Amino acid sequence: MTDSKYFTTTKKGEIFELKSELNNDKKEKKKEAVKKVIASMTVGKDVSALFPDVVNCMQTDNLELKKLVYLYLMNYAKSQPDMAIMAVNTFVKDCEDSNPLIRALAVRTMGCIRVDKITEYLCEPLRKCLKDEDPYVRKTAAVCVAKLYDISATMVEDQGFLDQLKDLLSDSNPMVVANAVAALSEINEASQSGQPLVEMNSVTINKLLTALNECTEWGQVFILDSLANYSPKDEREAQSICERITPRLAHANAAVVLSAVKVLMKLLEMLSSDSDFCATLTKKLAPPLVTLLSSEPEVQYVALRNINLIVQKRPDILKHEMKVFFVKYNDPIYVKLEKLDIMIRLANQSNIAQVLSELKEYATEVDVDFVRKAVRAIGRCAIKVEPSAERCVSTLLDLIQTKVNYVVQEAIVVIKDIFRKYPNKYESIISTLCENLDTLDEPEARASMVWIIGEYAERIDNADELLDSFLEGFQDENAQVQLQLLTAVVKLFLKRPSDTQELVQHVLSLATQDSDNPDLRDRGFIYWRLLSTDPAAAKEVVLADKPLISEETDLLEPTLLDELICHISSLASVYHKPPTAFVEGRGAGVRKSLPNRAPGAGSGSADQSETGAGSESTVIPNQESLIGDLLSMDINAPAMPAAQATTTSNVDLLGGGLDILLGGPPAASVEAAPGGASSLLGDIFGLAGTSLSVGVQIPKVTWLPAEKGKGLEIQGTFSRRNGEIFMDMTLTNKAMQPMTNFAIQLNKNSFGLVPASPLQAPPLPPNQSTEMSLSLGTTGPIQRMEPLNNLQVAVKNNIDIFYFACLVHGNVLFAEDGQLDKRVFLNTWKEIPAANELQYSLSGVIGTTDGIASKMTTNNIFTIAKRNVEGQDMLYQSLKLTNNIWVLLELKLQPGNPDATLSLKSRSVEVANIIFAAYEAIIRSP
């Protein structure tokens, strides 16, 4: 009979019977009784009253009975801490047992009992087990250190367990090494500082790589995750690590494969993209990813979500594997939708015919959600691959002829986007669209059709009748449709004023008097005032040329994408959100990023002409998004040049930068926006500024006074020139003897600042000064300082070594490629939680808004957008710190008012004080 019999008894007085059985002299009776106790405990009965009796059963050589008793102890020790002390002697004794299984069992159980009184007695047995002759005991003890750290971190550090754990990285047994790596990773995540406890070097990495080939699959995952946190010192070392990790791509376990892909994706950043090795490695990455798609649906989905990230970062890895993403009839819907998204990302001129053929088939499926996505995908193909646009439109017309309601509605939505992308090219199909007017019942489809009627009213003879039919149920329409109706009727009036005056008055009345929607009412008043005061200006605003739009494939903020690549094979890569968005507490604040790209190392994207994206890749906005609302307003600013950094940013995922929305070419400098009625709302992304100049210069302060430097006085400041950080110093000798042999060293700091070259200081005679400018790099070791910009410096000369600390000015840490694309800016602002928004009050602000924006640009704070709200000028700005942390800002200014409000959003709000101080310095600078 199986052990299930222990779960079937429900007798009264059972506790008393169990008590007597536990004290029975016969071993078999004892074991039976303990099994009954565990069964009762498992189903939720309280058997804590039997604690002393169960503990007495620990004195046995029977391994099975010992395991059962230990299981009971783990469950009840917390509620009976005083009684649990009784078991300590047995634990200590078992830790010295001749049987390694018992030694391991004892140390594992002690680690699982989270009682402070017990942990005090755990230290000595654990220390012995970490040096045990049996590898099974050592690997168990390694994990126990991590558990003990969770209970009492200070005890682990004081007792020297961390050093013992580090020693296990050199163990001869690969499983011991894997568990030591796992324990150290767990401790790192729990660490308050977030700093690595082990300095990874080439020797340690070599040991891990050696163990990688021999340990179990989960041990390999732990080691690969640890390797992902290591940054090789040069390209040669990165190449060597890649060669030794590549065999893991052929592993049967999907977790091992994805962990290996994560490490290789990170190391690829350090390799020259034009090297043969990089090309070979890229080819090797495709087959394992394709193989993952042969697994069960759940694994397929996880693989597809990770592939989605990989394709965004390096589309050339899977550019020849389009067919594996074709949907199968028996795929679950979540797999189908994900495959569809990747198909669009990989679509280019060479495979578009295949893709369209597939999408047309998908549009005849029975799953409504999938069909909608397939139809929308056809529209995205038309916009992404221009040569295929005509074929896509033809396909959409064929789908409209099917008269399937949801297909027709989705097709009209995407055709509206195609009209926006290719004006005056496909308008001949409007009559076909109008035939389906009565079947439209979804807000987005109705809004799209209304937009088409208003935009091309001059080509539709009965446009006024069609719009009038919509107005009959105006109050029942969705807000999105109401807004489009208002704009469409105003467009119709401006194109045919003679016979639509009554219609426009009717819709303006409905919008301003009968509606309680503030957006609709405000737009109605704007149109009314424009039409009544200056019809010519109204025409210029409402009928202005629309900015081109583009396919929505790369809306992940570049820094977020890099961070998610570092989290491949984790939940973050499935959610497409950083861990901080869904993990609270320990480890959530430790942010990862890819290493700085090697010279000549590109993102690996396919040839632009092949993808059809060209130099102006474009985006179809979601209707729910802010950018969608802005585009649907049909108000366009005059074309203005966009502010750009002196160096080209590789952040702009969308290609054309600000000119996509503004409709003008990018330029190196910005001129003031012209006034006029057309800028009433059009200047929401209009930007004014002046040509670039030198950043703010902070005066030198005394870092090392002469009395502390034995006559050596150092005054200094920090500056940024030509994309480099400089430490500008004046060295003065106030001693009676000459000073020679100068050298400088910086301690680990928050931004990895290190001297780019040795300090070249000439001999300094008494009462003489010399000016020094030391170039600093940002590739040094990182350690969080308090405050973040604190820099500890050691200067040596022939007299002594002198130590001092100074604060690095925030503005020198702002990188030249900190200008975000507007769409990325808007999406990122919405993605960052409200808890990560801080406000700061600035005083003593002087100068115009344009002057301040220009001043910020010279200091690598880039103005993304500007608008005026109720007399307040709002500047939306972005900057990037040298350690790849992005910061988004909103600066509220009121002309004539010296006070301003600065709002900051970042995934790492710890940098806020540095930013605020930098703003103070820049705004007050002449």
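Which residue in E6 is the bridge partner of Met727? In this predicted model, that partner is Leu774.

Zooming out, E3 and E6 belong to an open sheet of five strands. Reading across the sheet, the order is E1-E2-E3-E6-E5, with antiparallel pairing. As a bit of background, strands in a sheet pair through backbone hydrogen bonds, in either a parallel or an antiparallel way. The edges here are taken by E1 (701–704) and E5 (754–755). Each of these has a single partner strand, so one side of each goes without a neighbour in the sheet.

Elsewhere, the surface carries a nonpolar patch built from Leu571, Tyr575, Phe582 and Val583. Val583 sits in the loop that links helix H32 (571–575) with helix H33 (608–611). With a relative accessible area of 32%, Val583 counts as partly exposed.

Then there's Lys30, which is found in helix H2 (residues 27–42). Lys30 is partly exposed too, and its relative accessible area is 23%. Leaving aside residues up to four places away in sequence, Lys30 touches Glu21, Leu22, Asn24, Cys57 and Leu65. Take Cys57 from that list: Lys30 and Cys57 are 27 residues apart along the sequence, yet their C-alpha atoms are 7.5 Å apart in space.

Note on methods. Residues are numbered from 1 along each chain as its sequence is written. This is a predicted model: local features need pLDDT of at least 70, side-chain atom pairs count only at pLDDT 80 or more; totals for chains, interfaces and linings use all residues. Side-chain values use heavy atoms; hydrogens and water are left out. Two strands pair if DSSP finds at least two bridges between them. Helices (H or I, at least four residues) and strands (E, at least two) are DSSP runs, numbered from the N terminus. Patches are made of residues with over 30% relative accessible area and no salt bridge: like charges are joined within 9 Å, nonpolar side chains (Val, Leu, Ile, Met, Phe, Trp, Tyr) within 5 Å. Accessible areas come from the Shrake-Rupley method with a 1.4 Å probe; for residues, only the protein chains shown count as cover. A salt bridge is a side-chain nitrogen of Lys or Arg within 4 Å of a carboxyl oxygen of Asp or Glu. Buried means under 20% relative accessible area, exposed over 50%, partly exposed in between (1.4 Å probe, protein chains only). Contact means heavy atoms within 4.5 Å.
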